[in-house]
Amino acid sequence: MSNKSLRIIVVLAVLCTAWVIVNQFFWIKKAVELEKNIFNSNVTIALKNVAVQLLKMNKNNSPVDSIVSKVEDKYYTVQINDKIDTVVLKHILKRELLAQQIKTDYTISVFDCENSNMIYTEYISYSNTDPSDMPLPSVYSKNKKSNNYFSVYFPHLKDFLTREMATWIVSSLVLVLFLFILSYTIFIIFRQKRLSEIQKDFVNNMTHEFKTPLATIKISSEVLKNPNIIQNPERLLNYATIISNETIHLTHQVERVLQMAKSGKDSIQLNKEEFSLSPLLQEIIDKTYKPLIRSRGGDIVVQMSSEETKIYADRLHMKNVIGNILDNAIKYCTDTPNIQIRTTENKDGVNIFIKDNGIGISKENLKNIFNKFYRIPTGNLHDVKGFGLGLNYVKIICRQHGGDIKVTSELDKGSEFCIFIPKK
Ligand code: ADP
């Protein structure tokens with residue numbers, strides 16, 4: 001699938017998701033309103049029925065149309081204007097509320113106008129909540145009326161409505177789960193795509209890396225096949241040397257790939273020993289890198305914090321680690337390479353800083369360069385060879401020593417890698 005179609009699919013998925021979320025919020029809001037209205041009308045019906053029955057018992061024919069008032073969401077009053085028998089009230093109220101499917105705790109209070117006081121208050125519980133925990137509504141005292149009335153207060157209205165909305169809550173959770181699965185699937189698709197691109201890049205790099213030496217070997221062997229070459233031993237030796245060098249180069253490449261590919265699977269066996277850092281650095285630089293850098297007109301300098309600095313590490317792997325970073329410092333430099341190596345030492349361990357004046361690495365690429373097979377897209381510098389395995393190997397080795405590697409870099413200015421190896 002092309003990048004463009006994948007991007008379109010993701011944008012569509014994000015838009016649909018946003019639409020579904022907004023829709024769900026809208027409907028939940030509506031459902032809450034609806035539940036509140038249903039509750040209000042059920043309570044009003046129940047209270048009206050209670051009022052009708054109380055008045056009937058008192059042989060009172062007053063109309064009950066506007067007898068029930070909602071003072072606030074949880075608090076209702078019923079103006080009876082007649083004698084209220086609290087035992088009967090309690091009984092009828094319970095029955096009528098149950099008939100309307102209102103199964104939540106409430107407090108009944110009865111106001112008597114003769115002594116201008118509440119003559120009865122009782123907490124009716126469906127749960128085990130201690131009634132002493134139940135504060136009376138704020139409007140309770142303000143709302144004393146001159147006539148007899150009874151009131152009903154629902155302290156747990158919120159919990160009741162939440163229970164009533166259980167299906168909505170479950171469907172919202174299912175939606176969240178579905179969105180999570182969708183995001184995860186998109187994440188997997190992107191990761192798979194990235195992996196397949198990395199694999200393609202790797203195969204391309206590999207082909208590129210092996211093609212050139214193989215072509216050189218092929219041409220050289222063609223020349224050697226010429227029977228007249230024997231007359232020219234100098235030429236013969238020249239071509240034989242080319243073949244030998246390219247074969248060594250190829251063998252190194254194959255070994256590097258195998259070693260680095262293996263480094264991801266198993267932990268590498270380290271043969272740690274204590275040795276002086278300075279001679280190791282000098283050996284690497286003098287033998288390989290100084291001549292290479294000098295041939296390009298550049299220089300490499302080493303500044304040791306102390307000639308005595310010792311590290312406890314695997315000598316061979318440390319050589320490879322420093323070699324990989326120096327290889328890169330030269331490879332990714334379009335200018336004359338100038339490299340500085342310095343070391344610092346403290347009670348915890350030794351830091352080796354390797355600074356170059358190369359092309360630098362942008363912030364967004366910096367976090368990926370230690371990933372296996374990762375190569376920064378270099379645009380017109382496409383000819384720089386590599387497999388994207390070097391820095392991954394370096395990181396693994398540093399970590400296996402209990403240390404780490406850090407990098408700071410600025411585009412077009414250069415990079416500085418810092419290897420930390422802890423003390424024994
Ligand atoms: P490669 O085989 O591609 O060199 P590495 O793992 O050594 O693989 O490096 C990963 C990528 O990090 C390289 O492709 C390169 O783009 C970038 N990189 C590494 N070192 C440097 C450096 N010193 N300067 C600029 N870019 C670098």
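Which of the 19 residues around the ligand come nearest? In this predicted model, they are Asn328, Tyr332, Asp356, Arg375 and Leu391.

**View 1. The shell around the ligand.** Helix 8, helix 10 and strand 12 (414-422) each supply at least two residues of the shell.

View 2. Let us pick out three pairs of atoms. In the side chain of Arg375, an N or O atom is 2.5 Å from an oxygen atom of the ligand. Tyr332 places a polar side-chain atom 2.7 Å from a ligand oxygen. With Gly388, it is a backbone N or O atom that lies 3.1 Å from an oxygen atom of the ligand. On its own the ligand has 530 Å² of accessible area, and the protein covers 98% of it.

**View 3. Helix 8 against helix 10.** Both of these helices also supply residues to the shell around the ligand. Helix 8 (residues 315-331) packs with helix 10 (residues 390-400) at an angle of about 145 degrees, and their axes are 9 Å apart. The crossing of this pair is left-handed. From helix 8, the contact uses His317, Asn320, Val321, Asn324, Ile325 and Asn328, while helix 10 brings Gly390, Leu391, Tyr393, Val394, Ile397 and Cys398. By class, the contact has seven nonpolar and five polar residues, with no charged ones.

**View 4. Helix 1 against helix 2.** Our last stop is the pair formed by helix 1 (residues 3-57) and helix 2 (residues 86-99), whose axes come within 9 Å and cross at roughly 145 degrees. Helix 1 passes helix 2 in a right-handed crossing. Ala46, Leu47, Asn49, Val50, Gln53, Leu54 and Met57 of helix 1 meet Val88, Leu89, Ile92, Leu93, Arg95, Glu96 and Leu97 of helix 2. The residues of this contact divide into ten nonpolar, two polar and two charged.

Note on methods:
Residues are numbered from 1 along each chain as its sequence is written. This is a predicted model: local features need pLDDT of at least 70, side-chain atom pairs count only at pLDDT 80 or more; totals for chains, interfaces and linings use all residues. Side-chain values use heavy atoms; hydrogens and water are left out. Axes are lines fitted to C-alpha atoms, for helices over the stretch in contact, and angles run from 0 to 180 degrees between N-to-C directions. Helices (H or I, at least four residues) and strands (E, at least two) are DSSP runs, numbered from the N terminus. A crossing is left-handed if the near helix is turned anticlockwise from the far one by less than a right angle, and right-handed if clockwise. Contact means heavy atoms within 4.5 Å. Ala, Val, Leu, Ile, Met, Phe, Trp, Tyr, Cys and Pro count as nonpolar, Asp, Glu, Lys and Arg as charged, and the others, Gly among them, as polar. A residue is near a molecule or strand if one of its heavy atoms lies within 4 Å of it. A polar contact is a pair of N or O atoms within 3.5 Å; within protein, one must be able to donate a hydrogen and the other to accept it, and residues adjacent in sequence count only if both atoms are side-chain atoms. Accessible areas come from the Shrake-Rupley method with a 1.4 Å probe; for residues, only the protein chains shown count as cover.
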